[in-house]
Amino acid sequence: MIGIIISGHGNFGTGLQSSLKLIAGGPANVEYVDLDKNPGFLRETVGEEAASAYSDGDYVVKCGEHIKHIPSSNMYETETSLDYSTFQYQRVTKGINAEACLSGAIVYVISDEIPVVYISTGNGEADMTSYSKVKLNITNNNFDIKELNLNQSDIPEDCAVIMFISPTS
C-alpha cells in the first residue's frame with residue numbers, strides 16, 4: 001500500500017484518491033495531517049533528523065521503508081516578475097507540476113533500486129545550487145543525487161551517471 005501524507009492543502013489532497021489509484025496501479029491511501037494538531041506525526045513517519053527539512057504544505061509519499069519528500073514549492077512552476085506600478089517583485093504561478101511530482105514519487109517508493117546520479121566535486125565544478133531546475137528534474141525522474149570527489153574516492157557501485165558541471169581544473 002502506498003501512503004501519501006499531506007500537511008496543508010487539504011482540499012488538494014482529497015481530490016487525489018482516484019487519480020493516484022490509476023498511477024499506482026492499486027489502492028493508495030491519501031491522508032491529510034494537520035501538523036499543528038499532531039506535531040509528532042512527521043517525526044514518527046520520516047525520523048527526527050529528516051523532519052526538520054519539511055514545511056507546511058509539503059507532501060510525503062511512503063511505501064514500506066521508502067519515503068519521498070515533495071516540497072510544496074515543487075508542485076507549482078512559478079516565476080518572479082517586477083510589478084512596475086508598485087516596483088515590488090511578485091511571485092506568479094505559471095503552471096502545476098503535481099502530476100509529475102506525485103507519479104515520480106510513487107515510482108520512487110515502489111522501486112527496489114534507485115539509481116544514483118553523482119555530481120563531481122573537487123575539480124572547480126559549478127555549485128549545484130545554480131542548477132536547481134536540473135536537480136529537480138533529476139529527482140523527479142527517480143534518481144538520487146550524491147556528491148563524488150574522484151580525487152578522493154573511486155566510482156561507487158550504485159553510480160548510474162556522473163555529472164561534471166563546468167569543471168575548471
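Visitor: Where is Asn-141 found?

Guide: Asn-141 sits in the loop between helix H6 (132–140) and strand E8, where helices (H or I, at least four residues) and strands (E, at least two) are DSSP runs numbered from the N terminus. This is a predicted model, in which local features need pLDDT of at least 70 and side-chain atom pairs count only at pLDDT 80 or more, while totals for chains, interfaces and linings use all residues. Residues are numbered from 1 along each chain as its sequence is written, and side-chain values use heavy atoms, with hydrogens and water left out.

Visitor: What does the side chain of Asn-141 reach?

Guide: The side chain of Asn-141 reaches the backbone oxygen of Asn-137 at 2.7 Å. The C-alpha atoms of Asn-141 and Ala-105 are separated by 8.5 Å, and these residues are 36 apart along the chain.

Visitor: And Asn-142, is that one buried or exposed?

Guide: Asn-142 counts as buried, at 13% relative accessibility; buried means under 20% relative accessible area, exposed over 50%, and partly exposed in between, using a 1.4 Å probe and protein chains only. Asn-142 also lies in the loop between H6 and E8, and its phi is near 70°, a positive value in a residue other than glycine.

Visitor: Which value does phi of Phe-87 come near?

Guide: Phi of Phe-87 is near 55°, again a positive value in a residue other than glycine. Most residues other than glycine have a negative phi. Phe-87 is placed in the loop between E5 and E6, and it is exposed, with a relative accessible area of 64%.

Visitor: Switching topic, how many salt bridges are there?

Guide: The count comes to three salt bridges, a salt bridge being a side-chain nitrogen of Lys or Arg within 4 Å of a carboxyl oxygen of Asp or Glu. One of them joins Lys-146 to Asp-158, with the closest N and O atoms 3.5 Å apart. That pair links distant parts of the chain, since Lys-146 is in strand E8 (residues 144–149) and Asp-158 is in the loop between E8 and strand E9 (159–163), twelve residues apart.

Visitor: What about Lys-94, which residue does it form a salt bridge with?

Guide: Lys-94 pairs with Glu-79, and their closest N and O atoms are 3.9 Å apart. Here too distant parts of the chain are linked, with Lys-94 in strand E6 (residues 88–96) and Glu-79 in strand E5 (residues 76–83), 15 residues apart. Lys-94 is exposed, with a relative accessible area of 52%, whereas Glu-79 counts as partly exposed at 40%.

Visitor: And which residue does Arg-43 pair with in a salt bridge?

Guide: Arg-43 forms a salt bridge with Glu-48, the closest N and O atoms being 3.6 Å apart. Arg-43 counts as partly exposed at 38% relative accessibility, and Glu-48 counts as exposed at 59%.

Visitor: Now the inside: how many residues does the largest nonpolar core have?

Guide: The largest nonpolar core has 13 residues, and those with the most contacts inside it include Tyr-59, Ile-70 and Leu-102. A nonpolar core is a set of buried Ala, Val, Leu, Ile, Met, Phe, Trp, Tyr and Cys residues joined through side-chain atoms within 4.5 Å. Strand E3 (59–63) and helix H5 (98–110) each supply at least two residues of this core, and H5 gives the most, with seven residues.

Visitor: Which residues of H5 are buried?

Guide: The buried residues of H5 include Ala-98, Cys-101, Leu-102 and Val-109. In soluble globular proteins, nonpolar side chains tend to be buried together.

Technical notes: Polar contact = N/O pair within 3.5 Å; in protein donor to acceptor, adjacent residues only side chain to side chain.
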